Amino acid sequence: MSTTTATSGGLRRYLLTRLALMIPMIWILVTLVFFFMRVIGNPIDAALGGRLPPDQIAERKHAAGFDRPILTQYFSYIGKLLHGDFGTTLTDNQQVSRIILEKGAATLELTFWAFLIAVGVGIPLGRVAARNRDRIPDIFLRVTGVLFYAAPVYFVGLLAKLLFGVVLNWVPISGRAEPATELAIANVSPHTHIYIIDSILYGQPSYIWDVLRHTILPAMVLGLLTAGIFLRLVRTNLLQTMRSDYVEAARARGVPEGRVVRKHAFRNALVPVVTVMGLQGALLLGGAILTERTFEWQGLGYALASYLTQRDFVAVQGIVTVIAIVVVIVSFLIDVATALIDPRVRY
């Protein structure tokens, strides 16, 4: 009883410490992004310089507060950020928080499907490779994993579009849905901006199928590239676990090999994989940027690339800040999952 209480107390202290560390981490990230964006000069000059007369540029700077001292701008930005105000875009006068909400939902939807594919393909194949060590299935899967991991997203995406979209004509090659579907699900209440949920709420099976058809190709490309990492990681950890003393002891007791792998080795081999899963989930956001551009998926990465091209650094600053905060939160969730799985992880 006392051991259980001490363990629970250690876990609670560990999680509270990690939670407290998130605040300075997010503050440092926000500060770095803010000053990095100011290194390139005044955002108004960068976005609108040469396109508006000097008097209108000066008027825009004054209205946005960009003519004030840099520290005044910084504290004003932090104050607005605490209220969820990421500012207004310079090129199309939209609330950045609204763009993040709408486009972020699209990126979240793509990342979710890609992550499911990566886990669903990578972990079982890693297990098959470990159980067939140095035999033909293992060699084939190891080569496949390297190819998956090393292939550039945009190159694989273009090949997939050409083969499955143009030659075979199985799936659409761009966008999140047909225009009629987008128009219909835009009127769903509540509108989540996650198309699969909105189409289900609409209740029209043809719209659900349309959304899924548009999701298949970008999610497969992004998911399979990440599956290569899981495949190799599960194989390596499972092989190491299979050589441990407790697994050898189970074999010595006459436990069948399949049960040894399933009950004794596989679960322990997944502990380090969970950490990498979380990190890859965050890195999928980076991969989603290239995937969204390749498949014209109107998500956060697509918007970030567009605003970078237009030099709208207020929008870029808001989007990059949100991505950084998401990575910090995902990192915390990884620590929680790891601490729950492995009792040795404590401060």
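Six salt bridges are found when the whole structure, a predicted model, is searched. One of them joins the side chains of Glu-109 and Arg-176, with 2.7 Å from N to O. This pair links distant parts of the chain, 67 residues apart: Glu-109 belongs to helix H5 (residues 96–131), while Arg-176 sits in the loop between H7 and helix H8 (179–185). Glu-109 is buried, at a relative accessible area of 4%, and Arg-176 is buried as well, at 6%.

A further salt bridge pairs Asp-138 with Arg-235, whose closest N and O atoms are 2.7 Å apart. Because Asp-138 lies in helix H6 (residues 136–150) and Arg-235 in helix H10 (residues 205–242), the pair ties together parts 97 residues apart in sequence. Asp-138 is buried, with 0% relative accessibility, and Arg-235 is buried with a relative accessible area of 12%. Through salt bridges that share partners, Arg-133, Asp-134, Asp-138, Arg-142 and Arg-235 are joined into one network. Within it, Asp-134 and Arg-133 form a salt bridge, their closest N and O atoms being 3.8 Å apart. Here Asp-134 is exposed, at 52% relative accessibility, and Arg-133 is partly exposed, at 44%.

The surface also carries a nonpolar patch made of Leu-162, Leu-163, Val-166, Val-167, Leu-168 and Trp-170, which together have about 590 Å² of accessible area. Val-167, in helix H7 (residues 153–167), is exposed, with a relative accessible area of 57%.

Helix H13 (residues 300–309), by contrast, is mostly covered, with eight of its ten residues buried; among them are Leu-300, Tyr-302 and Tyr-307. Just after H13, Arg-311 adopts a positive phi of about 60°.

Conventions. Residues are numbered from 1 along each chain as its sequence is written. This is a predicted model: local features need pLDDT of at least 70, side-chain atom pairs count only at pLDDT 80 or more; totals for chains, interfaces and linings use all residues. Side-chain values use heavy atoms; hydrogens and water are left out. Buried means under 20% relative accessible area, exposed over 50%, partly exposed in between (1.4 Å probe, protein chains only). Helices (H or I, at least four residues) and strands (E, at least two) are DSSP runs, numbered from the N terminus. Patches are made of residues with over 30% relative accessible area and no salt bridge: like charges are joined within 9 Å, nonpolar side chains (Val, Leu, Ile, Met, Phe, Trp, Tyr) within 5 Å. Accessible areas come from the Shrake-Rupley method with a 1.4 Å probe; for residues, only the protein chains shown count as cover. A salt bridge is a side-chain nitrogen of Lys or Arg within 4 Å of a carboxyl oxygen of Asp or Glu.
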